[in-house]
Amino acid sequence: MNNNPLSDVTPIFFLQTFILELMHASEQQGQQHCEHLIEHIAKTAGCFFEEAYRSNTHKTETLDVESYTELILGLKNNIGGKFSLASSNQDCITVTNSRCPFGDQVTNFPELCRMTSSVFGGIAARNFGYAKVEIKKSIARHDGKCEVCVYTNPNAAKGRPGMEYTDTTPVKEMQDMNALHSRIEESMQQLWRKQSKPLAKKYQPPAIVAKSPMMQKILQSIEVIAPTLATVLIQGQTGVGKELIARAVHAMSDRCQKPFIPVNCGAIPENLIESVLFGHEKGAFTGAIEVHQGYFERAEGGTLFLDEIDSLSPSAQTRLLRVLQEAELERVGGKQTLSVDVRMISATNNNLEELVKQGLFRNDLYYRINVVRLSIPLLAERPEDLPYLVQLIVQRLSKKHNKAVESVSREVMQKIRAYSWPGNVRELENILERSLLFTVGKEMTVLDLELPANTNNVDDWRGVKENTIAKVEQTFLETALKQHQGDVKKVSEEMGITSRAVYNKLKKYDIKLADYRRL
């Protein structure tokens, strides 16, 4: 009988456990901590591993493909992986893996794939001058195995998804995005601090979580469009945070010192909507005992945010079109024409194009409000943001309810990741608030959420397969457009399809060609 209860704890097992626990703890430390930690560990460790390999093999010259492959395979397999070489040439090295060094728990931290990417890419870039790492399959994302392609030739890597590496590229890209995020958040909080103290005390200052590629693209768009006068249409399902994005556009604009007026058009009775938006004169209708300034007048010089704009009546749509075209309005029951200077941002959770086809929304108004469109992704489409959103929400709710809760347990985070969140961020806030109220101590260990039964039928599999293929196709298309600066002919040649098919896919994925063309 073994008298040592820890005899099975090997150095490798200890380090694997340590890294997994470090990742879990890092998720609780705010927006940038986890990603910075991964990048820092990978960058430092990659240099160390390469130096150790050179010392053991007495190699001082630049590593060739064979030596590089020997290094990365040996590195992963020595810590418990089961990596093997699938193919290799001067342009691309492909390796596969059937056993993750971090064990089954890696499914809780798909971010660890970034560590593999950065180690492989950093070493390759130092020796070949360039690298792009594409993780085609990943055990962490339930693919059953890992398949990693390391491109060492920029021409071979064209149009392929993945992270590019030089000595500074990945770090600089991350720093640029973090700086943009900080600028937007600071602008929003400056406006928040200028509000009345009771309001600022009652609510928490606005914050955007944007670690996922889709949300980072939204931030980049905000910086571009905010200083302009263009109308903006924000599309997205209920609870994704459309008003938050509208506030960010206002905060980054030259109108930031003027009012931001949010209006939920769907909450206003149809017979009052015109009076509420455009105002009315005394005696305009029964009960109009005095002159009333509408939201357009109150937003003078600033930004008017019209949520659920699709709920406007035909008459209100006609009046709104005139305001946008002529920058002037008449109050209900009035004869005097008033000039207005307002930037309008609208939002909807419906397909306005379909409503136009059905004759339920004016075609000319649609084009007026849709100069720039921002499509906010579902929460299920931004898994990279989940731990940061959870931490932000828990901190705010804890302060609101005078609780001591600081974080959630790993089991709670697993449950959060396993759920599809049809109600998006709003539903996440609701579930966390209900759970937090009954939490004792500093860590939330129980989540008041019933996961749906997993049917695993054929229709589910088809849906998952089609959705996965669509996401890959969209990513490839966006990468090709960026590479060829919106040249549809070149994109069609690279994808092996006709130009017409490219245009159909642009429409399918709601991709604007102008976003990729240089002016």
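How close do the axes of helix 8 and helix 9 come, and at roughly what angle do they cross? The axes of helix 8 (residues 213-225) and helix 9 (residues 242-251) come within 8 Å and cross at roughly 35°. Axes here are lines fitted to C-alpha atoms, for helices over the stretch in contact, and angles run from 0 to 180 degrees between N-to-C directions.

This is a predicted model, in which local features need pLDDT of at least 70, side-chain atom pairs count only at pLDDT 80 or more, and totals for chains, interfaces and linings use all residues. Residues are numbered from 1 along each chain as its sequence is written, and side-chain values use heavy atoms, with hydrogens and water left out.

**Whole chain**

The chain has 20 helices and 14 strands. Helices (H or I, at least four residues) and strands (E, at least two) are DSSP runs, numbered from the N terminus. Of the 519 residues, 46% count as buried. Buried means under 20% relative accessible area, exposed over 50%, and partly exposed in between (1.4 Å probe, protein chains only). Residues 24 or more positions apart supply 69% of the contacts with a separation of 6 or more. Contact means heavy atoms within 4.5 Å.

**Two helix pairs**

Two packed helices are described by the angle between their axes and the distance between the axes.

| Pair | Axes come within | Crossing angle |
|---|---|---|
| Helix 8 and helix 9 | 8 Å | roughly 35° |
| Helix 15 and helix 16 | 11 Å | roughly 120° |

Helix 8 and helix 9 cross in a right-handed sense. Met215, Ile218, Ile222 and Ile225 of helix 8 touch Ile245, Ala248 and Val249 of helix 9. By class, that contact holds seven nonpolar, no polar and no charged residues. Ala, Val, Leu, Ile, Met, Phe, Trp, Tyr, Cys and Pro count as nonpolar, Asp, Glu, Lys and Arg as charged, and the others, Gly among them, as polar.

Helix 15 (residues 386-400) and helix 16 (residues 410-418) are oblique to each other. Leu386, Pro387 and Val390 in helix 15 meet Met413, Ile416 and Arg417 in helix 16. This contact has five nonpolar, no polar and one charged residues.

**Two loop residues with positive phi**

Alanine 327 has a phi near 55°, positive in a residue other than glycine. Alanine 327 lies in the loop between helix 12 (314-326) and strand 9 (328-329). Its relative accessibility is 33%, so alanine 327 counts as partly exposed.

Glutamine 485 is not a glycine, yet its phi is positive, about 55°. Glutamine 485 sits in the loop between helix 18 (458-483) and helix 19 (488-495). At 36% relative accessibility, glutamine 485 is partly exposed.

Conventions:
Parallel < 35°, antiparallel > 145°, perpendicular 65-115°, else oblique. Left-handed = near helix turned anticlockwise from the far one by under 90°.
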